[in-house]
Amino acid sequence: ERLIDRIVDGGVAPVFVLPHPAFVVERNLTPEVNPSAGPTNALPFAYAARLKEAIGGEVDEEIVQAARVGRTALNRFQRFLWQPQFVGDVRTDRPYVLVEDAFTIGGTVAALCNHIVQFGGTVVAVTALAHKSGQHQPLALTYRTRELLDTVYTTRIADLWQEAIGHDIGCLTEPEGAFLLEWADEHHSSGDGHSRLLALRDRLLKARDQGE
């Protein structure tokens with residue numbers, strides 16, 4: 001019902017899009033797409049089809065995940081370092097609804113959202129079948145969490161994030177920001193902001209080395 005309200009407010013039937021690698025037997029792949037990859041999870045497809053049936057609109061067939069399939073096997077720090085990338089034409093005449101089976105820290109849907117917005121599209125909602133809390137979740141980093149990151153790690157966390165990850169700290173999802181605060185509290189509660197920042201840098205370097 002919340003999705004319907006959001007879509008009705010826009011007045012245009014949506015396009016449901018889900019993060020997945022290409023079906024290698026059904027399309028000519030660009031060089032960026034790994035030809036050995038393919039979808040392994042039917043749940044997002046079934047959910048998108050159900051939403052189309054219930055609400056109207058269509059399911060996107062153009063946008064696919066081009067890199068770093070299999071993020072489930074990565075720990076959270078590795079997920080920060082290896083962001084998924086997407087390719088495919090973006091429509092500007094229809095709003096997009098992002099569809100997932102489960103929502104954890106939101107990095108994949110954030111990357112998909114970025115691809116759509118970067119090429120002129122509009123995202124009106126993100127929906128998932130499951131979250132561990134069973135409650136609605138904010139996707140974008142909240143002002144409160146952004147302030148706490150500066151307090152816990154000092155304002156230099158923005159420089160670290162730009163250098164290590166390659167994007168502005170404000171592009172974190174709310175669950176990603178909350179995870180960084182929880183990690184500092186769990187592992188470095190007795191230190192000051194500078195020592196926590198150095199510990200975070202070292203942890204990111206360790207995750208990078210593990211990935212190599």
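## Counting the salt bridges

How many salt bridges does the count come to? The count is six, where a salt bridge is a side-chain nitrogen of Lys or Arg within 4 Å of a carboxyl oxygen of Asp or Glu.

Before we look at some of them, a word on the model. It is predicted, so local features need pLDDT of at least 70 and side-chain atom pairs count only at pLDDT 80 or more, while totals for chains, interfaces and linings use all residues. Residues are numbered from 1 along each chain as its sequence is written, and side-chain values use heavy atoms, leaving out hydrogens and water.

## A linked network

Let's start with arginine 94 and glutamate 58, whose side chains form a salt bridge at 3.1 Å, N to O. Arginine 94 sits in the loop between strand E4 (85–87) and strand E5 (95–102), and glutamate 58 belongs to strand E2 (residues 58–59), so their pairing ties together parts 36 residues apart in sequence. Strands (E, at least two residues) and helices (H or I, at least four) are DSSP runs, numbered from the N terminus.

Arginine 94 is partly exposed at 23% relative accessibility, and glutamate 58 is partly exposed at 28%; the term covers values between buried (under 20% relative accessible area) and exposed (over 50%), using a 1.4 Å probe and protein chains only. Arginine 91 and aspartate 93 also form a salt bridge, at 2.9 Å, N to O. A network of salt bridges links Glu58, Arg91, Asp93 and Arg94.

## A pair within a helix

In helix H5 (residues 143–153), aspartate 150 and arginine 146 are four residues apart, which means about one helical turn separates them. Their side chains meet in a salt bridge at 2.7 Å, N to O. Aspartate 150 is partly exposed at 23%, and arginine 146 is partly exposed at 21%.
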